[in-house]
Amino acid sequence: MRIITTLLFMFIYMMSLQNLQAQEEGTEKVVGAFGITLGQIFNLEDVVDREDDDGDNYWFAPDNPYDDFIFYSVARTPITGVVAMITAYSEKMTKNQCEVKRRTLKSILYRKYPYGWDARDDDYNKYTVYGRDPSYVKVNCEGFGVYRLVADYYDLDIRRILKDERTKLDIDAASKDGL
């Protein structure tokens, strides 16, 4: 009986080691997507259009597109020009169509980044986040009535830099009269 118990524990131990090794082999740090790397300097010559007039978001044509996405943008720090976030959007579709595409993308991303969790946003839309601190990819269906599949690749440390640089520029541009 003692030999059987020992063999059983050895088998369970070996299986758990094999499982951990398989997980580690599939673990990749989120570094970017579509030919853009988080933290790289984003040259404004690569801009297709500006997403908003007063912000730090720019549309670009990806070197490595994903079939379900048709629009791509980067959030760039305003002073140093570093990529803080990469976002991709699909065409408009029904919620069911979007959920099917989201599940497919989730399966692909899970193979690359097996550390993830599901949640819901304020509008009760499902989303999934993959990655490890400080960089992640978030996949969701955005909208109400009409939806888009959206993937956000971001680095929390660089997003803090973006906010700090934007705040500095806003403070520098603000009138100090009457204060």
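Tutor: Two strands pair if DSSP finds at least two bridges between them. Helices (H or I, at least four residues) and strands (E, at least two) are DSSP runs, numbered from the N terminus. The structure is a predicted model, in which local features need pLDDT of at least 70, side-chain atom pairs count only at pLDDT 80 or more, and totals for chains, interfaces and linings use all residues. Residues are numbered from 1 along each chain as its sequence is written, and side-chain values use heavy atoms, with hydrogens and water left out.

Let us begin with strand β10, which covers residues 146-155. Strand β6 (residues 83-89) pairs with β10 in the antiparallel sense, over five bridges. Within this pairing, I86 has Y153 of β10 as its bridge partner.

Strand β10 also pairs with β9, again in the antiparallel sense, and here there are 10 bridges. Two residue pairs illustrate this arrangement: K138 has D152 of β10 as its bridge partner, and L149 of β10 stands opposite C141. The hairpin of β9 and β10 has one residue between the strands, and G145 takes a positive phi near 90° there.

How many residues of β10 are buried? Eight of its 10 residues are, and the strand is thus described as mostly covered. Here buried means under 20% relative accessible area, exposed means over 50%, and partly exposed lies in between, with a 1.4 Å probe and protein chains only.

A hairpin through two residues joins β8 to β9.

As a general point, the side chains in a regular strand alternate between the two faces of the sheet.

Finally, a loop residue may be set beside these strands. I41 lies in the loop between β2 (36-37) and β3 (47-50). This residue is exposed, with a relative accessible area of 56%. I41 touches T80, G81 and V82, not counting residues up to four places away in sequence; contact means heavy atoms within 4.5 Å. The C-alpha atoms of I41 and G81 are separated by 5.4 Å, although the two residues are 40 residues apart along the chain.
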